[in-house]
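Hi,

Here is the structure I promised to pass on.

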Amino acid sequence: MSLSLKIEKQFAQNTERVKSIDLHPTQPWILASLYSGSVSILNYESQTIEKSFKVADSPVRSAKFIAREKWIVAGTDDAFIRVYNYETMEKIIEFEAHKDFIRSVAVHPTLPYLLSASDDKVIKLWNWEEGWKCTRIFEGHSHYVMQVAINPKDTDTFASGSLDGTIKIWNTGSSAPSFSLDGHSKGVNCIDYFISGDKPYLLSGSDDFTAKVWDFETKSCVQTLEGHEHNVSTVCVHPELPILITGSEDGTVRIWHAATFVLENTLNYDLGRVWAVGYKKGSSQVVFGCDSGMVMIKIIDSDI
């Protein structure tokens with residue numbers, strides 16, 4: 001059975017190329033990291049830019065709110081991690097974290113931990129309560145590590161996607177991967193966890209133009225989502241609606257039924273390649289970051 005989705009475009013903002021999107025859990029803020037080396041905080045209620053500042057002379061590929069500390073953390077192509085207080089804009093710390101571009105950062109939901117993934121093929125775990133000490137290095141990928149994602153149901157474990165074509169599952173207590181998921185014919189750009197029928201799954205997007213759904217308890221691919229005409233650059237599973245979202249360098253966003261995996265909608269807002277998607281719990285709003293800006297939509301399931 002197909003969904004009855006009503007999609008409303010709420011606003012669009014032209015910017016330089018957007019590489020990552022994060023939504024603040026309580027404030028009406030979108031954090032966008034830009035290829036130009038800047039980050040911006042946009043207020044989606046007033047549709048104004050609250051703050052915008054230069055982080056580095058190289059692209060900021062990943063930036064996240066750490067709301068409980070009132071921080072922004074950013075990973076850049078100069079291999080540095082930088083942390084700012086988002087109220088005062090004071091720089092808390094900057095340090096060289098990797099030997100190559102930082103592709104992804106992920107914030108632990110409860111512990112003072114940050115994961116970072118890099119083109120140097122490793123993932124690092126940082127503890128900010130210990131002065132941003134690197135407490136573990138995770139090795140096993142043979143190419144750039146494009147994204148890390150923490151398992152929301154078991155926060156001692158996380159997944160990574162790499163241009164070596166694999167997804168690896170890790171435990172924070174071990175430097176070696178627990179296991180790998182193989183099935184994409186080209187590099188993996190993006191991953192997200194989700195729960196369906198009390199079972200944990202992973203969604204991945206690849207340069208082979210597909211997204212795949214994985215049952216990582218059986219370590220098997222249960223569905224391949226086909227239809228994009230270029231690399232799948234971002235994926236997400238909506239926390240409130242029964243949908244999977246994929247964004248691609250073909251300029252489209254595709255919305256899939258999370259249970260049947262049927263394609264429900266294809267969206268194109270003429271902002272170029274789609275690089276990032278952001279959402280937050282308790283909201284039906286979704287934000288896409290693209291080559292020439294971002295767009296916020298509201299998705300309403302008429303069946304609910």
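This is a predicted model: local features need pLDDT of at least 70, side-chain atom pairs count only at pLDDT 80 or more; totals for chains, interfaces and linings use all residues.

**Charged pairs**

The side chains of D291 and R17 meet in a salt bridge, with N and O 3.3 Å apart (a salt bridge here is a side-chain nitrogen of Lys or Arg within 4 Å of a carboxyl oxygen of Asp or Glu). D291 sits in the loop between β27 (285-290) and β28 (293-301) and R17 in the loop between β1 (5-14) and β2, so the pair ties together parts that are 274 residues apart in sequence. Strands are DSSP runs of E with at least two residues, numbered from the N terminus.

Residues are numbered from 1 along each chain as its sequence is written, and side-chain values use heavy atoms, with hydrogens and water left out.

D291 also forms a salt bridge with R273, at 2.8 Å from N to O. That pair links distant parts of the chain, 18 residues apart, with R273 in the loop between β25 (263-267) and β26 (274-279). How exposed are these side chains? D291 counts as partly exposed at 21% relative accessibility, R17 is partly exposed at 24%, and R273 is partly exposed at 27% (buried is under 20% relative accessible area, exposed over 50%, partly exposed in between, using a 1.4 Å probe and protein chains only).

Salt bridges that share partners also join D78, R82, K91 and E94 into one network. Within it, E94 and K91 have their closest N and O atoms 3.1 Å apart; E94 is partly exposed at 36%, and so is K91 at 38%. A search of the whole structure finds nine salt bridges.

**A buried Asp without a partner**

D22, in strand β2 (residues 18-23), is one to check. It is buried yet has no salt bridge, and the nearest side chain of opposite charge, K64, is 5.7 Å away (Lys and Arg count as positive, Asp and Glu as negative; His and the chain ends are not counted). What does the D22 side chain have close by instead? One of its polar atoms lies 2.9 Å from the backbone nitrogen of F65. Leaving out residues up to four places away in sequence, D22 touches W29, I30, L31, A63, K64 and F65 (contact means heavy atoms within 4.5 Å).

V277 stands opposite F288, and Q285 has K298 in β28 as its bridge partner. Five residues lie between the strands in the β26-β27 hairpin, where G282 takes a positive phi near 85°; the β27-β28 hairpin goes through two residues.

The largest nonpolar core has 18 residues, and I243, I245, I255, V286, F288, I297 and I299 touch the most other members (a core is a set of buried Ala, Val, Leu, Ile, Met, Phe, Trp, Tyr and Cys residues joined through side-chain atoms within 4.5 Å). β23 (243-248), β24 (253-257), β26, β27 and β28 each give two or more residues to this core.

Cheers

Key:
Helices (H or I, at least four residues) and strands (E, at least two) are DSSP runs, numbered from the N terminus. A polar contact is a pair of N or O atoms within 3.5 Å; within protein, one must be able to donate a hydrogen and the other to accept it, and residues adjacent in sequence count only if both atoms are side-chain atoms. Two strands pair if DSSP finds at least two bridges between them.
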